[in-house]
Amino acid sequence: MSDTPPGPGAGSDIDRILEIATGFMASKVLLVAARLGLFTELAEGPLSCEELRARLRLHPRSARDWFDALVALGALERTDAVGGDGGVYANTPAAARYLVRGEPAYLGGLLEMSDARMYELWGRLDAGLRTGSPQNGITAGEEGAYAVLYDDSDRLGAFQQAMAGLSLRSAHALAEVFDWASCRTVADIGCADGTVLTHLLQSHPHLRGTGFDLEAVGPGFRRRVEEAGLVGRLSFRAGDFFAEPLPSADVLILGHILSNWSLPRAKTLLRKAYEALPPDGFLVIYETLIDDERRENVPGLLMSLTMLLETPGGFEYTGADCRGWLAGAGFRESRVRHLAGPESVVIARK
């Protein structure tokens with residue numbers, strides 16, 4: 001056995017492998033913190049180790065280790081106390097903005113769904129890869145998968161919260177990356193609770209909007225419209241976007257929609273969007289796109305595997321894939337732009 005130290009890259013290679021292999025541990029530390037409301041408890045001000053432990057009703061054995069793990073991960077800040085009794089904990093600015101329940105930018109719905117559903121679901125990835133079938137217990141096929149989800153009010157609420165969290169950054173970016181000045185109307189196909197449309201209409205007061213989704217989504221959508229003060233400018237239309245014509249508007253939005261379906265179904269939606277748009281109208285598609293070389297955008301590839309686990313036929317795709325489908329549907333031009341984080345947008349013109 002040689003005593004020669006490893007070369008310059010050897011340690012970092014091992015560290016990277018181990019970081020990937022044990023990444024689920026760090027995920028669970030954060031997911032449990034979101035579920036137990038740790039960041040919300042700290043919203044009114046810092047708490048000592050003992051105060052925070054008592055608020056969350058934790059056993060004293062490892063509470064401090066958990067808090068300090070969140071410090072090491074960058075989710076909490078700690079001011080050390082004299083005597084080393086655990087210090088005082090506070091939210092980081094990012095945690096205060098994104099992880100406190102009730103805040104406008106709250107992402108916790110996505111984290112809570114990840115903890116409650118996705119963590120266990122990903123434990124069945126091997127079965128999904130072997131069978132090609134979803135692992136969430138839904139056996140209704142493409143036609144009925146979302147009807148089953150929407151029939152369960154608790155699952156629907158969690159799904160809407162998660163989609164709002166997933167779409168939040170994209171909604172803000174979408175208000176800026178597209179020239180809305182020449183458009184008067186916009187419709188969001190598969191609108192969920194209306195997060196995207198409310199932000200767009202608040203950012204561009206000349207716009208009027210329509211949310212299109214299954215009837216079960218309507219109450220949550222209308223509540224958000226009222227809270228945003230957009231009654232009269234933003235309406236909800238119930239319907240099945242495969243069974244009925246899409247709403248007509250200057251701009252149609254498909255956000256995290258095409259990836260839910262098999263390719264033939266996705267192409268059907270693109271054709272229906274083309275038919276619903278006026279001449280020179282725009283279709284705006286945003287997703288966690290896979291990069292064209294399929295080498296870099298890890299979130300896009302992981303999201304595609306999530307579609308395997310959750311849907312009968314869904315998958316993520318590249319910008320080049322999407323532009324080819326759009327051309328086949330009749331759109332005369334399209335372009336891809338980065339949106340926010342791992343998200344990108346494809347803008348097509350009829």
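**Figure 1. A nonpolar patch on the surface of the predicted model.** In this predicted model, Phe24, Met25 and Tyr119 form a nonpolar patch on the surface, and together they have about 300 Å² of accessible area. Tyr119 belongs to helix α7, which spans residues 108–122. With a relative accessible area of 34%, Tyr119 is partly exposed.

**Figure 2. Strand β8 and its surroundings.** All six residues of strand β8 (residues 282–287) are buried, so the strand is largely enclosed by the rest of the structure. Both of its faces are covered, with Phe282, Val284 and Tyr286 buried on one side and Leu283, Ile285 and Glu287 buried on the other. Strand β7 (residues 251–255) runs parallel to β8 and is joined to it by five bridges, and Val251 has Phe282 as its bridge partner in β8. Strand β10 (residues 343–349) pairs with β8 in the antiparallel sense, over six bridges, and here Val345 of β10 is the bridge partner of Tyr286.

Figure 3. The side chains of Glu50 and Arg53 meet in a salt bridge, with a distance of 2.6 Å from N to O. Both residues lie in helix α4 (residues 49–56), where they are three residues apart, about one turn of the helix. Glu50 is partly exposed, at a relative accessible area of 46%, whereas Arg53 is buried, at 18%.

**Figure 4. A network of salt bridges around Arg78.** Arg64, Asp68, Arg78 and Asp80 are linked in a network of salt bridges. Arg78 counts as partly exposed, at 33% relative accessibility, while Asp80, at 56%, counts as exposed.

**Figure 5. The protein as a whole, as context for the close-up views.** The protein has 15 helices and 10 strands, and buried residues make up 47% of its 350 residues. Its accessible surface comes to about 17,600 Å², of which 53% belongs to carbon and sulfur atoms. Among contacts with a separation of 6 or more, 65% are between residues 24 or more positions apart. The count of salt bridges comes to 15.

Notes: Residues numbered from 1 in each chain as written. Predicted model: local features only at pLDDT ≥ 70, side-chain atom pairs only at ≥ 80, totals over all residues. Heavy atoms only, no water. Buried < 20%, exposed > 50% of the residue type's maximum accessible area, 1.4 Å probe, protein only. Helix = DSSP H or I, 4+ residues; strand = E, 2+ residues; numbered from the N terminus. Pairing = 2+ DSSP bridges. Patch = residues over 30% accessible without salt bridge, like charges linked within 9 Å, V, L, I, M, F, W, Y side chains within 5 Å. Areas by Shrake-Rupley, 256 points an atom, 1.4 Å probe, with all protein chains shown as cover. Salt bridge = Lys/Arg side-chain N within 4 Å of Asp/Glu carboxyl O. Contact = heavy atoms within 4.5 Å.
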